[in-house]
Amino acid sequence: MVRNVRSGRKCKVRIPGHKKGEPRVKVSREDYPKLVAMADAGHFYSEIAREFGICRDTAARIIRTWRRENGIM
């Protein structure tokens, strides 16, 4: 958060090159099996998330989605 010079209010700083409404893709679909393999090997979601630069909840959601799509769950 940065303060606006004129009004003094806090405002968000946009990420350069990222347009409003576009998803931020950090993990491609090709990497999903790697996440699942790490989870199957016994790694915690937090460890997997740290490895790929995403949050723990996102890692868990990707793994659950991949397993559901491939009939493992």
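How close do the axes of α2 and α3 come, and at roughly what angle do they cross?

Modeller: The model is a predicted one, in which local features need pLDDT of at least 70 and side-chain atom pairs count only at pLDDT 80 or more, whereas totals for chains, interfaces and linings use all residues. Residues are numbered from 1 along each chain as its sequence is written, and side-chain values use heavy atoms, with hydrogens and water left out.

The axes of α2 and α3 come within 8 Å and cross at roughly 100°, where axes are lines fitted to C-alpha atoms, for helices over the stretch in contact, and angles run from 0 to 180 degrees between N-to-C directions. That makes α2 roughly perpendicular to α3, a label given to angles of 65 to 115 degrees, while those under 35 count as roughly parallel, those over 145 as roughly antiparallel and the rest as oblique. On the side of α2, the residues in this contact (heavy atoms within 4.5 Å) are Y45, S46, I48 and A49, and they meet R56, A59, A60 and I63 in α3. Sorted by class, the contact of α2 with α3 has six nonpolar, one polar and one charged residues; here Ala, Val, Leu, Ile, Met, Phe, Trp, Tyr, Cys and Pro count as nonpolar, Asp, Glu, Lys and Arg as charged, and the others, Gly among them, as polar.

Now to α2 itself. The elements of the protein run β-β-α-α-α from the N terminus on, with helices (H or I, at least four residues) and strands (E, at least two) taken as DSSP runs and numbered from the N terminus. Helix α2 spans residues 45–52, and I48, A49 and F52 in it are buried, which means under 20% relative accessible area, with exposed over 50% and partly exposed in between (1.4 Å probe, protein chains only). Seen down the axis of α2, these buried residues fall within an arc of 100°, so they line one face of the helix; the arc is that of the directions from the helix axis to the C-beta atoms. The face turned away from the buried side of α2 carries the exposed residues R50 and E51. What covers the buried residues of α2 includes α1 (32–40) and α3 (56–69). After α2 comes G53, whose phi is positive, near 75°.

The neighbouring helix α1 can be described in the terms used above. Its buried residues are Y32, L35, V36, M38 and A39, and seen down the axis of α1 they fall within an arc of 160°, so they too line one face of their helix. The cover over the buried residues of α1 includes α2 and α3, and just after α1, G42 takes a positive phi of about 105°.

D40 lies in helix α1 and R67 in helix α3, so the pair ties together parts that are 27 residues apart in sequence. D40 counts as exposed at 56% relative accessibility, whereas R67, at 17%, counts as buried. R56, one of the α3 residues in the contact with α2, meets D57 in a salt bridge at 3.8 Å, N to O, and D57 is exposed, with a relative accessible area of 51%.

Note on methods:
Salt bridge = Lys/Arg side-chain N within 4 Å of Asp/Glu carboxyl O.
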